[in-house]
Amino acid sequence: MKRFLLSITVFCFALSFGQKPQPSLGIDVVSVTPMGDNYLKDGVKNFFGFGLTFQTVFKRNMGFGLELSQAFSEVKNKSVYGDLEKPQLTNFSAYFLYKYPFKNGLNVQGQIGAGIMRLSNLSQYVDDDYRETAAGFLLGTEISYKFPKNKIVEVFASPKIYFYNSQIKFDDSDLSRYYSRSQLLYINVGVRLNLNEK
């Protein structure tokens with residue numbers, strides 16, 4: 001998965017040369033909702049946090065994005081989640097995008113990519129945090145709006161579905177699936193600066 005993310009990043013930077021990219025930097029608030037039949041859904045509350053985004057769109061409305069976010073939660077069921085505290089989810093993602101602009105400043109995106117996630121927890125039994133690393137394939141979209149009198153500023157909302165897989169193994173295959181796989185609904189709402197706009 002790390003090689004896949006590196007390949008996306010290198011390919012997109014290489015693609016940007018020789019074209020006129022439209023780069024942007026954004027900051028957002030993040031909500032993460034675990035879904036499905038798994039230990040994250042049953043064991044913790046929804047995550048809330050913040051994130052940073054970088055996007056570059058080329059002439060044909062295709063481009064790529066990078067996102068880094070950190071979100072925090074609380075344990076709601078220790079019999080499922082274990083004797084851990086203060087779950088913290090860190091996510092680094094890379095994705096391809098297609099951005100369709102409308103005439104009134106409204107834009108809609110489609111996104112596909114992957115992410116690497118780290119779930120950290122405090123434990124009263126060990127000095128170091130308990131950490132779990134997972135890969136996550138993602139499908140997403142985004143709705144954004146550029147202000148007519150100030151096109152540098154753009155507000156956006158972006159829901160994404162991540163398919164979380166931590167590769168945790170048990171002898172029981174159903175138990176392995178319960179503790180290793182989850183679907184996560186990420187919702188990012190924020191503002192970005194379009195660096196090449198005047």
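Is Tyr39 buried or exposed, and what is its relative accessible area?

Author: In this predicted model, Tyr39 has a relative accessible area of 6%. Tyr39 therefore counts as buried, since the cut-off for that term is under 20%.

The ring of Tyr39 also has a partner. There are ten aromatic pairs in the model, and one of them joins Tyr39 to Tyr179. The centres of these two rings are 5.1 Å apart, and the angle of 35° between their planes makes the pair tilted. Tyr39 belongs to helix H2 (residues 39–43), while Tyr179 belongs to helix H4 (residues 173–180); the pair therefore ties together parts that lie 140 residues apart in sequence.

Tyr179, for its part, is partly exposed, with a relative accessibility of 21%. Tyr179 also forms an aromatic pair with Tyr178. Tyr178 has a relative accessibility of 16% and so counts as buried.

These contacts are part of a wider group. Ring pairs join Tyr39, Tyr179 and Tyr178 with Tyr81 and Phe170 in a cluster.

One further ring contact involves a charge. Arg192 is placed over the face of Phe156, 4.2 Å from the centre of the ring.

Methods: Residues are numbered from 1 along each chain as its sequence is written. This is a predicted model: local features need pLDDT of at least 70, side-chain atom pairs count only at pLDDT 80 or more; totals for chains, interfaces and linings use all residues. Side-chain values use heavy atoms; hydrogens and water are left out. Rings of Phe, Tyr and Trp (its six-membered ring) pair if their centres lie within 6.5 Å; planes under 30 degrees apart count as stacked, over 60 as edge-to-face and the rest as tilted. Helices (H or I, at least four residues) and strands (E, at least two) are DSSP runs, numbered from the N terminus. Buried means under 20% relative accessible area, exposed over 50%, partly exposed in between (1.4 Å probe, protein chains only). A charge sits over a ring if NZ of Lys or CZ of Arg is within 6 Å of the ring centre and within 35 degrees of the ring normal.
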